[in-house]
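Let's take a walk through a protein together, one step at a time. Have the 3D view open and follow along as we go.

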Amino acid sequence: MTIRLLVRTLIIASALVSVGITLSEAADDPQHLRAACEKGAVQDCFNLGAMYAQGRGVTQDRGQAVALYRKACDGGLLRGCVSLGASYVEGNGVQQDNVQGVVLLRKACDEGEGDGCALLGGMYEEGYGVKQDLVQAVALYRKACDGRDADACSHLGAMYANGTGVREDTFQAIALFRKACDGGSKEGCNSLGWMYEYGKGVKQNYTEALKYYAKACDLKNQDGCDNYAQLKTGKR
C-alpha cells in the first residue's frame, strides 16, 4: 500500500482561502478593510481578498479577490503573492497562466514564505503546470517544512515513505509525519496512523494507529474517519 496525498488540494485551498487568515475577525466590516486597503494597509487588502474569494461577508467575486491579492503582493506582502500565484495556476478570477503562477510562487518561496515553497513542491511532484521534477519537489517541501509548514512536512514524509524522489526511509517518514501532525496537518496524522497500523518504521501498534486516525478525523480528514471506523470495528 502506498501513502498518497492530494497535492492539488494545496493549490486550490491556497487560491480560495490562503495561508491561515482568520476571516471571522475581518468579516464583520469589509468597508473598514477596504478603506484601510486604499490607504496602503496591505494586510487588509489581503484579508478582504480572501473574503471575496470565499464569499464571506461579501458577494463572492474571485476577480475582485485577485485584484486585492495583487495589491497586497505589489505592496510587499508575500502571502498576497502566494494567493495571486495560486489563482493564476488554478485560473480562479484570472486567465489561467502557469508561467505567471510559478513566477509569483517562486518569488514568495525565495523570500521565505513557506506556503509558496509548498505549493511549488506540489506542482513539481505532480508535473502540474511545470515539468515533473521529484528532486526539486523534495527540496521545496523540505524548505517549507523547515519553515514549519505542516502540510509540506506531510508531503515530504510521503515521499520518504514511498521512496519518491529520495531513498525510501520509513524512519524519516515517521519523524516527518509526527512533525506534520503536531503542527495540525490532518494528512500527517492520518499517515502516521497508517504507519502504526501496518508497522512501517515503527512497531505495529493499533492503539497508536487509532489515536492518530481519531486526531485526523477530528481535523476533518475523511480518510482518518474511515480508517478509524474500519480498524475499530475489525473490518480489515
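From the N terminus on, the elements run α-α-α-α-α-α-α-α-α-α-α-α-α-α. That comes to 14 helices and zero strands. Keep in mind that this is a predicted model. The protein has 236 residues, and buried ones make up 48% of them. What about contacts across the sequence? If you take the contacts between residues at least 6 apart in sequence, 51% of them join residues at least 24 apart.

Now let's see how helices sit against one another. Two packed helices are described by the angle between their axes and the distance between the axes. Start with helix 4 (residues 42-54) and helix 5 (residues 62-74). Their axes come within 8 Å and cross at roughly 160°. An angle over 145 degrees counts as roughly antiparallel, so helix 4 and helix 5 are roughly antiparallel to each other. Their crossing is left-handed. Which residues of helix 4 and helix 5 make the contact? On the helix 4 side you'll find Val42, Cys45, Phe46, Leu48, Gly49, Ala50, Tyr52 and Ala53, and helix 5 brings Arg62, Gln64, Ala65, Leu68, Tyr69, Lys71 and Ala72. Sorted by class, the contact of helix 4 with helix 5 has 11 nonpolar, two polar and two charged residues.

Helix 10 passes helix 11 in a left-handed crossing. Helix 10 takes part in the contact through Ala150, Cys153, Ser154, Leu156, Gly157, Ala158, Tyr160 and Ala161, while helix 11 uses Gln172, Ala173, Leu176, Phe177, Lys179 and Ala180. By class, you get 10 nonpolar, three polar and one charged residues where helix 10 meets helix 11.

One more pair to visit: helix 13 (206-218) and helix 14 (222-232). The axes of helix 13 and helix 14 come within 7 Å and cross at roughly 145°, and the crossing is left-handed. On the helix 13 side are Tyr206, Ala209, Leu210, Tyr213, Ala214, Ala216 and Cys217, and they meet Gly224, Cys225, Asn227, Tyr228, Leu231 and Lys232 in helix 14. The tally by class for helix 13 with helix 14 is 10 nonpolar, two polar and one charged residues.

Next, have a look at what happens in some of the loops. Arg148 lies in the loop between helix 9 (134-146) and helix 10. Its backbone has a phi near 75°, a positive value in a residue other than glycine. Is Arg148 buried or exposed? Arg148 is exposed, with a relative accessible area of 77%. Then hop over to Lys220, found in the loop between helix 13 and helix 14. Lys220 has a positive phi of about 75°, although it is not a glycine. With a relative accessibility of 69%, Lys220 counts as exposed.

Time for some charges. Side chains of opposite charge can pair when their charged atoms come close. How many salt bridges does the structure hold? There are two salt bridges. In one of them, Glu111 pairs with Lys107, and the closest N and O atoms are 3.2 Å apart. Lys107 counts as partly exposed, at 35% relative accessibility. Another salt bridge joins the side chains of Glu208 and Lys211, at 3.3 Å from N to O. Glu208 and Lys211 are three residues apart in helix 13, so about one helical turn separates them. Lys211 is partly exposed, at 43% relative accessibility.

For a last stop, find Glu90, which has its place in helix 6 (residues 78-90). Buried or exposed: which is Glu90? The relative accessibility of Glu90 is 17%. The cut-off for buried is under 20%, so Glu90 counts as buried. Now trace from Glu90 to Gly129, 39 residues apart along the chain. The C-alpha atoms of Glu90 and Gly129 are separated by 9.7 Å.

Methods
Residues numbered from 1 in each chain as written. Predicted model: local features only at pLDDT ≥ 70, side-chain atom pairs only at ≥ 80, totals over all residues. Heavy atoms only, no water. Left-handed = near helix turned anticlockwise from the far one by under 90°. Helix = DSSP H or I, 4+ residues; strand = E, 2+ residues; numbered from the N terminus. Contact = heavy atoms within 4.5 Å. Nonpolar A, V, L, I, M, F, W, Y, C, P; charged D, E, K, R; others polar. Buried < 20%, exposed > 50% of the residue type's maximum accessible area, 1.4 Å probe, protein only. Salt bridge = Lys/Arg side-chain N within 4 Å of Asp/Glu carboxyl O. Axes fitted to C-alpha atoms, helices over the stretch in contact; angles between N-to-C directions. Parallel < 35°, antiparallel > 145°, perpendicular 65-115°, else oblique.
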